[in-house]
Structures are given as C-alpha cells and as structure tokens.
Amino acid sequence: MNQEKLRELDTIFYPQSIAIVGVSQDEQKMGNRYLRALLSQGFKGKIYPVNPNSNNILGLKTYPNLQSIPEPVDYVYVTIPRDRVLSLLDDCAAKKVKAVGFFTAGFSETGEKEGIELEKEILKKAQEGGFRIIGPNCLGIYSPRANIPCSVLSGLLGEVGSIAFLSQSGSIILRTVQKGIASGVHFSKAVNFGNGCDLDSIDFLEYFASDPETKVIGAYLEGIRDGSRFLQTIKEISKRKPLVIWKGGKTETGIRAATSHTGALTSSALIWKVALKQAGVIEVHNLEGLVDTLLAFQELPLLRGYAVTVISGLVNGGGGQSVSAADTCGYLGLELPPFRDKTKKQLNALLGQVGTILHNPLDVSQALTRIETIRRAIEIASADQGINLIIIQENVDLILRLQPGKWTEQMSDMIVALRNKRKKPIVVVLEAELAEAERMTMARKLLAAHIPVFPTLERAAKAIANMRQYSDYLKYEV
C-alpha cells in the first residue's frame, strides 16, 4: 500500500544501532533496564550507552553525548527528563539519526500548556532535522526478528511470527505480548507510540499493511487525530489483511482517562462500532478477546463456511456439556448443523445410540475413554460434508482425576495426528480450575502443532465467530 512508508519504518524496526540516552548504573532506572533487556536478548546491532558521568556501563563503552559516538546511529531511546530533550534533538539532527523513541513523559498528555508546547517543539525539531519521533510517553518498538524485546522489565522476546500489534498504551502492549506469547501468538513486530505527536496509529497501520512479514494486525487505540484518513486506511487494510481493534475510552469515565493518558481525541462507542464494522474491522472489547482472535487468525484458515461440531464427554458423560455448548455456539452465531444420515449410521455403529450421542454437539462418552474409538468418532464427524471445523472439549481437572498421565499424552498425540492429516481445522478447549500447570503443559504441545487452544468454549466460539465475520466481509463487501 505504501512502499515509501515500508522503507522508512523498516529502518526503525530493524536498526543497525541503538543509542540509549540517559542510561545509568542504577538498575532501577529505565535506561539501565532497557540496556539489560537488549543485551540479554542478543540485539543484533551496536549499542551505545550515553551518559556524561560514566565511562563504562554493563561492560559497554559509554559516551558523554550523542555526537561523540564515532559511528552512525539509527535509533535513539530517550530516558532523560523533558527539560533536556530539545538540545538532544539538535544532536540527533547533526548525527542524522533515523528515529527517536521517547520513554520520557510530561508532554501533551498532562493537559498543561507547558507540556503541550514542548511537544510541538520536539515535533518541529524532528521535521527540521529529518528524523521521526515515536512517542513521547511510550515504550517504543518491539522487533523479535531484530532481537529487540518488548518488555524492559523481563526482556520479553518470544518467537518470530506474523502478527503485528500497535498500542497507544505501554501497559497494554506489555500485557498483550505477554499474554499473546503464553497463548501461542507469534509477533512479527509491535510498537507503543504513546502520544503519537509524529508517527501515530495511521502511520503504523500503513506500515504493517505493507509489511510482507505481517499477515494479521491487532491494535489498541484510545483516539485518533485524522478520522477520515483513519477510516480510509482501515478500509484498505481490511481488503488485504485481518485487522482486529480494541478501542479504549468508550464510556464517559474511559474518555476522560484516555484524554489524560495520551492526550488522545476520542469519540463515542457507537461511532466507533459503526465505522469499524463498515470497514471490515473486527472489534474486540478486552485483552482476552484481542489475543484469542489474533491466535485464531494465526492458526486457522479462512473458511467458506463456519458450521462446527463440538466433541465432548471424553472421560465422562457429556450430555449437559453438549447442551451448554450448543447454547454457547448458537448465541455467538455459529452453526451446529445436525449430522447427515451417513454420519449418524457410522456413529451409531461405533458408539451406540444413547441420549444426545448422535446429535451435534457429539458426546463420545460411550467410547469409555478408549482413545482409538474417540479418534474414529472424531474422524467420522469431521468427514461429514456439512461440517467445516472441529472443536474438542477437554476438562483437564476431570481427566487428571479419572485417567493416568499417559492417557493425556496419548490423547494429545492423537489430536496432533488428526490435525496433521489437514482434513478439517481443529480447535481444542482445555478447561481447568485446579490444574492450570498441567493445562499449560498440554496446551504447549498442541500449540506447537499449530492447534489453537482456548481456556473456555465461549472464548473459542467468539474467536471463530470473529473469523466468520471477516470472511463474510470479504465475501460480500470486497
């Protein structure tokens, strides 16, 4: 969409060198934490600590100012107080840096005249000096391929993937990346742009739309400055890539909080809802919905239809679970069509006709935990021409009480083997109240095989319904 933007921002996400201005020996200060995070994750470029009062920090030669660095600097990370930033930006211009990321806060988000005017001044300096600004009041970039971690607190890096994320909020980008990595989401890159006085949400949306490494885009936004350009941008993106947006600041209280957080201009929830839907954007309303939907888009193909079957009762009677599953899927707009006659006959021969067994959802409790019988039942159900996707429900607490540990491993191996046949997409719901550690062990094995795992059926169904919404948009609107 924008090759110039691609070239310009590629340098920001893949810098050959980073200077950290304001780094000190104090491990509690942000500059020191950022330096340690880069070192711990093996940043592939050169790192230049800048501090006039030190010669060496964490084993690296330290420079008194930016201009004393003898080699080019692509990206400058700023942690000094706001009253010192203007002179620093003169050095950035002289040094011909590409971009400056401002962790430093105290600008337009304060609502005070001094902070607002200072933000205007730093933007003017950047425009005159030929470099770009990320922020102020932000954490900056996250680029796992370049070994630039997201979290300055833990050096959070994760596996390189195809999901890009942009956030006005620093805490939201940290929570999204942390939860995303734990849930199996693999990021291509992400950015927290804070006040966005120069590069803002639209710039990064345009970049991610053009980025060949990004297949899906997620965003947390509190407000925008150019509504018409934003709407046109997201319309163009949705024709090519799924775009998932979580809008913060939709209630009166939230709007006030958003304004004081990043100085964002906000609008009503109804306006956002209508605009996003018309543009083909998936709107989510919390962190879980955001991560779940990104995971679904990452691991599942877009389908012609979204008729599902839910498999339950793996270790006990699943009648009640089947009824609640039908209600949940129906409420969220997913179809659970009845099995065709051929499917019913095959299931009857395999399991016997008891209660809800031959209906959809499918109760496999009559298999009496025999994994080969469960496998065959899933294969029969997935072969039904009216079914597009399989959801397998497992209650981890119950399984661990009734079956030996080896059984859970065999069950996971069986599901992976089914997935590898690539006949119908498979989603697994692993529910646990007491056995969360065991649930995570099971989930990691499935996620490694590119099987999306969700903690509840409702969350799985909602993520799948979001994919259906996007598929319908492409089918009827594009």
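The legends below describe close-up views of a predicted model. Local features need pLDDT of at least 70, side-chain atom pairs count only at pLDDT 80 or more, and totals for chains, interfaces and linings use all residues. Residues are numbered from 1 along each chain as its sequence is written, and side-chain values use heavy atoms, with hydrogens and water left out.

View 1. Ile311 is buried, at a relative accessible area of 0% (buried means under 20%, with a 1.4 Å probe and protein chains only). Beyond its neighbours within four places in sequence, Ile311 has contacts that include Leu362, Ile378 and Ile391 (contact means heavy atoms within 4.5 Å).

**View 2. The open sheet of five strands.** The strand order is β15-β14-β16-β17-β18, with parallel pairing (two strands pair if DSSP finds at least two bridges between them). β15 (362–363) and β18 (453–454) each have a single partner strand, so one side of each lacks a neighbour in the sheet. Two bridges join β17 (residues 426–431) to β18, and Val428 stands opposite Val453 in β18.

**View 3. Helices α3 and α4 packed together.** Helix α3 (residues 85–95) and helix α4 (residues 113–129) pack at about 10°, with axes 9 Å apart. Axes are lines fitted to C-alpha atoms, for helices over the stretch in contact, and angles run from 0 to 180 degrees between N-to-C directions. The two helices, α3 and α4, are therefore roughly parallel (angles under 35 degrees). Among the residues making the contact are Leu86 and Leu89 of α3 and Leu118 and Ile122 of α4.

Technical notes:
Buried < 20%, exposed > 50% of the residue type's maximum accessible area, 1.4 Å probe, protein only. Helix = DSSP H or I, 4+ residues; strand = E, 2+ residues; numbered from the N terminus. Parallel < 35°, antiparallel > 145°, perpendicular 65-115°, else oblique.
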